Amino acid sequence: MPSVVSPITRPAPAATASACAICVVCNSWLKFGQLWSYGQQLQADFIATGHYARIHRDEQGDVQLLRAIDPDKDQSYVLYGIRREVLSRLLFPIGGHTKAE
């Protein structure tokens with residue numbers, strides 16, 4: 001876990017995007033790396049999360065990460081580092097809705 005903790009323990013200049021960079025590392029390694037490994041142990045086909053993002057699956061089975069319908073809630077930018085094989089196993093059920101819905 002040092003890959004997630006190390007950036008947090010180093011001071012960052014004020015008004016930087018370092019918090020978002022930390023989210024990207026955590027999402028890639030912990031949430032969607034370790035969580036997917038655990039899901040596989042449970043023989044899960046998919047993992048659903050509460051992220052505001054969408055996934056498009058084409059006829060060939062290729063996946064593409066898309067922005068959420070609600071631009072004010074979109075979180076797709078912190079998910080870009082997720083490996084393609086894991087991305088194909090994710091569900092973002094709220095990404096197609098606005099906050100009001």
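Trainee: Where is the place of His51?

Mentor: His51 sits in the loop between strand 1 (47–48) and strand 2 (53–57). Keep in mind that this is a predicted model.

Trainee: Why does His51 count as buried?

Mentor: Its relative accessibility is 10%. Buried means under 20%. The value falls under that cut-off, so His51 counts as buried.

Trainee: What makes the pair of His51 and Thr49 a polar contact?

Mentor: The side chains of His51 and Thr49 are joined at 2.8 Å. The limit for a pair of N or O atoms is 3.5 Å. The distance is within the limit, so the term polar contact applies.

Trainee: Which residues is Gly95 in contact with, leaving aside its neighbours within four places in sequence?

Mentor: His51 is one of them. Gly95 itself belongs to the segment after strand 4 (90–91).

Trainee: Why is Gly95 called buried?

Mentor: Its relative accessible area is 0%. The cut-off is under 20%, so Gly95 is buried.

Trainee: How far apart are the C-alpha atoms of Gly95 and Thr49?

Mentor: They are separated by 9.8 Å. Along the chain, the two residues are 46 apart.

Trainee: Why does Leu35 count as partly exposed?

Mentor: Leu35 has 36% relative accessibility. Buried needs under 20%, exposed needs over 50%. The value lies in between, so Leu35 is partly exposed.

Trainee: Which helix holds Leu35?

Mentor: Helix 2, residues 18–41. The C-alpha atoms of Leu35 and Ile47 are 8.4 Å apart. In sequence, 12 residues separate that pair.

Trainee: What lies over the face of Phe46?

Mentor: Arg89, at 5.9 Å from the ring centre. The distance limit is 6 Å, and an angle limit of 35 degrees from the ring normal applies as well. The distance is within its limit.

Trainee: How many aromatic pairs are there?

Mentor: The count is 0. To pair, ring centres must lie within 6.5 Å.

Trainee: In what order do the elements run from the N terminus on?

Mentor: The order is α-α-β-β-β-α-β. That comprises 3 helices and 4 strands.

Trainee: How much of the protein is buried?

Mentor: Buried residues make up 28% of the 101 residues. The protein exposes about 6,800 Å², with 55% supplied by carbon and sulfur atoms.

Trainee: What share of contacts between residues at least 6 apart in sequence joins residues at least 24 apart?

Mentor: The share is 60%.

Key
Residues are numbered from 1 along each chain as its sequence is written. This is a predicted model: local features need pLDDT of at least 70, side-chain atom pairs count only at pLDDT 80 or more; totals for chains, interfaces and linings use all residues. Side-chain values use heavy atoms; hydrogens and water are left out. Helices (H or I, at least four residues) and strands (E, at least two) are DSSP runs, numbered from the N terminus. Buried means under 20% relative accessible area, exposed over 50%, partly exposed in between (1.4 Å probe, protein chains only). Rings of Phe, Tyr and Trp (its six-membered ring) pair if their centres lie within 6.5 Å; planes under 30 degrees apart count as stacked, over 60 as edge-to-face and the rest as tilted. Contact means heavy atoms within 4.5 Å. Accessible areas come from the Shrake-Rupley method with a 1.4 Å probe; for residues, only the protein chains shown count as cover. A polar contact is a pair of N or O atoms within 3.5 Å; within protein, one must be able to donate a hydrogen and the other to accept it, and residues adjacent in sequence count only if both atoms are side-chain atoms.
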